Amino acid sequence: MRKLKIISVVGARPQFIKAAPVCKALRANHEEILVHSGQHYDYAMSDVFFEQLGIPKPDFNLAVGSGSHARQTGEMMPMLEELFVEQAPDLVLVYGDTNTTLAAGLSAAKIGIPVAHVEAGLRSFNRRMPEEINRIVVDHLSDVLLCPTRASVMNLEAEGIGHGVHLVGDVMLDTARFFAENIDSSATLDTFEVERNGYYFATVHRAGNSDSAANLGAIVEAFNQMDKPVIWAVHPRTLKNLAEFGLLGQVQASEMIRIVPPVSYLETIGLLRSACALLTDSGGMQKEAYFFGIPCVTLREETEWVETVELGWNKLTGADTNRILAAVASLEHPLSRPAVYGDGHAAQAIVEALESHYGGNR
Ligand code: UD1
């Protein structure tokens, strides 16, 4: 088997969680160059994940920072192109659906470097989501499509993509399985001064919610009327907008809402595992709730993780106060949680898929 030279590009919080097991599996037999775009740059949004998850220090950091979609994506591309030309990897590995994914995928494909996409085939069928645009474009220019679920394989099929598709399972399950035993939930509960099953855990960062005064207001109103405290780990963009929309005072005065800064991976899982339910518009956290058997209320009208809804563990409520309250009042704990996200060895399956495509002699 030929030793492959792979450039992996990450930049945002969920990508660090996905890359952790893949970096480890890749480096057993291949050379990996890790590039951080700098899309997320705060300690709590970036460094803490590298530290906790044991991700190697990036070889390059493009320090692109925040900006509009076009500016952020555009600023990354010439830097990535230069790096790809200079390093001449066998392939570029990208993750998920962020602007970093799009910039790396486009830059590589246009100079003829194969792109492999981890978490390929996910669709919300809502093109107003910037992530949906990123996914569609990156899937259509990828050479190897590493799908987490059967539904994602079928989505690709429906778009005419059949070649290079591998069902590998979900890498976030690898991370959750590996770290679950290191997580001391009781220490986390002490830190946040809550009791097991005595609170809801919430996160909100999706542009459709956090950039809309109406949606954010409706979510705050629902949290305010809960029967148990809501521990809300607030993303920086959401905090900024709560202040801008004049909602921060209401949040701070609420007896039910407790806002806390963004939490690390281990704290997130610690808080999630002991919560009555998760209230979120995150994609990855809907699955993490499923992994640990915690009911989820998704503050969106649609989800890419359709299995969680079909199996009864997730309810879609949009940003609608009454629907959110009704979902929380009728939480379900179905008896079964089939292994729809694989067996927690997706990283190894990804390495094998890459070897099967590129591991022969050049
Ligand atoms: C991005 C991804 C989203 C992913 C999310 C995880 C895109 C289009 N969206 O959204 O799919 O679920 O990451 O969190 O790529 N900010 C900081 N510090 C940081 C990072 C961001 O203060 O370290 C603030 C800035 O005000 C910035 C805003 O958050 O403008 C939005 O950040 P950005 O990376 O553009 O998008 P996310 O909302 O994090």
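How many cavities of 30 Å³ or more does the count come to? I found two. I took a cavity as a set of points on a 1 Å grid over the protein atoms alone where a 1.4 Å probe fits but cannot get out, with lining residues having an atom within 4 Å of a point. A volume is the space filled by probe spheres set on the points, which are joined across faces, edges and corners.

I worked on a predicted model, where local features need pLDDT of at least 70, side-chain atom pairs count only at pLDDT 80 or more, and totals for chains, interfaces and linings use all residues. Residues are numbered from 1 along each chain as its sequence is written, and side-chain values use heavy atoms, with hydrogens and water left out.

I noted about 50 Å³ in the largest cavity, whose lining includes Glu119, Asp170 and Ile350. The second largest cavity holds about 40 Å³, and Trp313 is one of its lining residues.

I next looked up aromatic pairs (ring centres of Phe, Tyr and Trp, the latter by its six-membered ring, within 6.5 Å; planes under 30 degrees apart stacked, over 60 edge-to-face, the rest tilted). The structure holds nine. Phe178 and Phe179 form an edge-to-face pair, 5.0 Å centre to centre with 80° between the planes. Phe291 and Tyr341 are also edge-to-face, because their planes stand at 75°, with centres 6.0 Å apart.

I recorded a cluster of Tyr290, Phe291, Trp305, Trp313 and Tyr341, linked by ring pairs.

Terms used
On a 1 Å grid over the protein atoms alone, a cavity is a set of points where a 1.4 Å probe fits but cannot get out, and a pocket is an open set with protein on both sides within 12 Å along at least five of seven lines; lining residues have an atom within 4 Å of a point.
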